[in-house]
Amino acid sequence: MPDPDPDHLDEFDEAMTRELGHLSPGIGLREAIIDRYRRGRRVQFVGMISSCAVAVLFVLFMAHSLPWTAPGQRVAAATYMKDAVIFIESGFQLAAKRPGKQVLQDLYHTIAPATALQLPDDLADTVPAGCRTVDIDGVEALLVCYYLENGEQLHLFVISDPARLRGVTADQPEFESHGHWISAAWRQDDTVYVAVATGDPAQVRQLLVRHGRRLFSHWS
Amino acid sequence: MTSKEFSAIVDEHYEGLYRFACSLTGNQPDGADLVQQTFLIWAKKHWQLRDKSKTKTWLFTTLRREFLRGHKRRAKMFAETEENNPANEGVVQADQDQHLDATLVLEKMNQLPLEYREPLCLFYLKEFSYQEIAELLEVPIGTIMSRLSRAKKQLRHKLDHA
């Protein structure tokens, strides 16, 4: 303990120092301080555990309910195809039933204002069962639903920006099986298509290929 | 900070802080409250202090700031008698019978202006040098010297006429 200035401690100062030294807080104050600290730590600990639990629940909720992909970020085609199947499987509402070309074009302009809608060659003249726009993994698309010849439905996602999906080639459609669902993704000019259909995977694959050969003439 | 580390800091500083707090508030219950509040702040904000050698100065400075912040509230509490303040029983165990002089000194010190009371108490605590007192109170060392001189003179006068 440093001595402030011993030369200035006269008799009066010494007496004052001594008297102030008699002011004793006692053991009660020390115990009160430490007890308060420990109680505070316990409350802090419980609060921290509660906060962690809430944070974990929040993250789980977000993971379950929101897309993880930030707007503008590229998405793997396989991921998009899987999530597209989940979207279809979960059930959805259509914006329009049996839409004409103008309805499809107008709806497409809401997500791609400067782009003309390009449907696969032989589907261009087929009347869809319904349509709507959809945002999956942060990628906006026009969803057009068709009835196939066997009564199954074909759900076609039309994506105007091919740069948004990774791993889609123009030459061959990529097939993915998801239980009784099957999906295919391919690119034509500056548009990416993702098709989703139900049924036996082998049969659906054959169906899509068959339809592809007939409807989508660029499929080899 | 572990409980053991916190207890070590309390053991080292709580008596000095208590005497300084009593001289600021003019009474022991409020002084004890002020010390508790100071250590509560220390528990929450000690991580802000990078140089641990400054812990003592940090504690005394924080205590003084807390006092200045709640000066009006404490002045009101000072008007209450200790008997009317059962919340403080069992916390402060000062032996008033044996140390009536200490109580008298505290009472007379409390009649001094705050600007005199602060350096005087820090000086008598023998915890700080003049330079450290000046830094703690954020005034030049020359000002501290002159205030101490006047404070002692006034305190001596008040005690002589007590």
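**Ground rules.** I am working with a predicted model, where local features need pLDDT of at least 70, side-chain atom pairs count only at pLDDT 80 or more, and totals for chains, interfaces and linings use all residues. Residues are numbered from 1 along each chain as its sequence is written, chains are lettered from A in the order in which they are written, and side-chain values use heavy atoms, with hydrogens and water left out.

**Entry 1: the interface.** I looked up the contacts (heavy atoms within 4.5 Å) and found 29 residues of chain A touching 45 residues of chain B. The two chains bury about 3,600 Å² between them, 67% of it on carbon and sulfur atoms; buried area is the accessible area (1.4 Å probe) lost on putting two parts together, summed over both.

**Entry 2: salt bridges.** I asked for side-chain nitrogens of Lys or Arg within 4 Å of a carboxyl oxygen of Asp or Glu. Three salt bridges turned up between chain A and chain B. One of them joins A:D10 to B:R156, at 3.7 Å from N to O. The largest share, 11 residues, is from α2(A).

**Entry 3: two positive phi values.** I checked A:R98, which is not a glycine yet has a phi of about 45 degrees. A:R98 sits in the loop between β2 (96-97) and α4 (101-109) of chain A. A:D137, in the loop between β3 (130-136) and β4 (139-147) of chain A, has a positive phi near 55 degrees. Helices (H or I, at least four residues) and strands (E, at least two) are DSSP runs, numbered from the N terminus.

**Entry 4: buried or exposed?** A:R98 counts as exposed at 62% relative accessibility, and A:D137 counts as buried at 9%. Buried means under 20% relative accessible area, exposed over 50%, and partly exposed in between (1.4 Å probe, protein chains only).
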